[in-house]
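Take a moment to look over the sequence and the model before reading on. The paragraphs that follow go through them part by part.

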Amino acid sequence: MVSSSENRKSRLTWPLLAAASVTFVGSSVPAGYNIGVINTPQLIIKEFCNQTVFERYDAALSEYSLDILWSFVVSIYIAGGTLGSFTGCWFADKWGRKGAIFANNFLGLLAAILFVASPAARSVEMLVLARFLVGLSSGLTTSVVPMYMTEIVTLDWRGPMGVLCPLGICFGVLLSQILGLEFILGSTDTWHYLLGLYGILVLVSMAVLPFLPESPKYLFAIKKDEDGCTEALTKLRGLPKSALTTEIAETKAASVREMSEGKWSILRLLKSKSLRWSLILVCAMQGGQQLSGINAVFYYSVPIFKSAGLDTESSQYASIGAGVVNFLVAALATFLTSRFRRRALMLFSCSTVVVCLLSLAVSIYFMVNKIKFSIYTGLQSTRIKKMQLLVQRPRLEKLPEINYWRN
């Protein structure tokens, strides 16, 4: 919604603040929470999976089979997220932006219940299903929440509001890492409560969401409800209809223009020459982010730090340190997007990622070679000691000769 009125440029009303808070707390934070929550208590959860399979199926899993099962538990979240991202637009047009957010909250709540109930049911299947459902919910979050927030705010607030979703995800990751410490909720008796704790945030969101205004763009372009569009705008801006004439006209004109262009599909997007370079840029950015190893940091940072020589407790705190940096940079982006050009920020971010990845590659190279060198020197030292033992072994003294003949 673009407005040319200067007196509305910096106005942030209570309905906008409520919408931002509810989507942040009830959708974005749970999405990030479920990315990082599986990391710290993974040894405990793996042991639960191993014991459950043995009790229910009388089958003892080898270490390799257990790793495969654990990888499936972790990665099924990504499968659900991919499906949720692809279907988010359909849900948003079918049920409305608020309806799609409510649906993703419902899926998240159902997954939380399955997480908490899985130990009592002695069911690994419930754990896997919960991970898939919460992944589906998170995928819907990443596609619907930014759509809803950018459609209800004025142009000058789109940058900060658009960053709220990734900010909530980063905060959720950090929150799960802290709560996953053994003396908080990361113990054998409480890990399932740790996995399902985010359900409280989802319940708050589901209770408040029905009272929030729907997207004016959705009401006019999809539902063809001009009166509803006007009413939503008056609530969101906190101004009477007479003061919103320009914005209402601009909203309707933009919606009519989009409707005249017809519906967009993935195939049409791929065929569009005017959007080809923009699509390539977006895919390159997203693909580069996924291939940067960030998912490995979120899912396996504790064992990674342990392999680097840290003990279990130090590895958990190092993982929290990585989460703190991730969240602080995301929080900083909220202010930077409204003060600097997007392209400059993207170039700086990409350059920093390249430097960090090169540094990481060099560090891993020297760490691996140091281990190999230590193994080699250890073997050589062992061989030398064996040789010394053989050389220094006391020789058997000759027995004195006995003369059996007497003179």
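E247 and R237 are both buried. Their side chains meet in a salt bridge, with N and O 2.7 Å apart. Keep in mind that the model shown here is a predicted one. Side chains of opposite charge can pair when their charged atoms come close.

The protein as a whole has 15 helices and zero strands. Of its 407 residues, 39% are buried. Its accessible surface comes to about 24000 Å², and carbon and sulfur atoms account for 67% of that area. Among contacts with a separation of 6 or more, 78% are between residues 24 or more positions apart.

How many salt bridges does the structure hold? There are seven. One of them pairs E151 with R97, and the closest N and O atoms of the two are 2.9 Å apart. This pair links distant parts of the chain, since E151 is in helix α4 (residues 124–152) and R97 is in helix α3, 54 residues apart. E151 and R97 are both buried. D93 belongs to the picture as well: salt bridges with shared partners join D93, R97 and E151 into one network.

Another salt bridge is formed by the side chains of K235 and E231, at 3.6 Å from N to O. Where do these two residues lie relative to one another in helix α9? K235 and E231 are four residues apart in that helix (residues 226–237), which means that about one helical turn separates them. Buried would require a relative accessible area under 20%, and exposed one over 50%. K235 has a relative accessibility of 46%, so K235 counts as partly exposed. E231 is partly exposed too, with a relative accessible area of 46%.

Now turn to helix α7, which runs over residues 199–208. Its buried residues are G199, V202, S205 and M206.

The next stop is helix α5, where Q177 is located. Is Q177 buried or exposed? Q177 has a relative accessible area of 2%, so this residue is buried. Apart from neighbours within four places in sequence, Q177 is in contact with T40, S319, I320 and G323.

The loop between α5 (158–179) and α6 holds F183. With a relative accessible area of 62%, F183 is exposed. F183 is also part of a nonpolar surface patch, made together with I178, I184 and Y317. The patch covers about 390 Å².

Helix α14 (residues 312–336) contains A330. A330 is buried because its relative accessible area is 12%, and buried means under 20%. Which residues touch A330, leaving aside its neighbours within four places in sequence? They are V163, L167 and C170. V163 shows how the chain brings separate stretches together: V163 and A330 are 167 residues apart in sequence, yet their C-alpha atoms are 7.8 Å apart in space.

R339 has a relative accessibility of 57%, so R339 counts as exposed. R339 is 180 residues away from G159 in sequence, while the distance between their C-alpha atoms is 9.7 Å.

Key. Residues are numbered from 1 along each chain as its sequence is written. This is a predicted model: local features need pLDDT of at least 70, side-chain atom pairs count only at pLDDT 80 or more; totals for chains, interfaces and linings use all residues. Side-chain values use heavy atoms; hydrogens and water are left out. Buried means under 20% relative accessible area, exposed over 50%, partly exposed in between (1.4 Å probe, protein chains only). Patches are made of residues with over 30% relative accessible area and no salt bridge: like charges are joined within 9 Å, nonpolar side chains (Val, Leu, Ile, Met, Phe, Trp, Tyr) within 5 Å. Accessible areas come from the Shrake-Rupley method with a 1.4 Å probe; for residues, only the protein chains shown count as cover. A salt bridge is a side-chain nitrogen of Lys or Arg within 4 Å of a carboxyl oxygen of Asp or Glu. Contact means heavy atoms within 4.5 Å.
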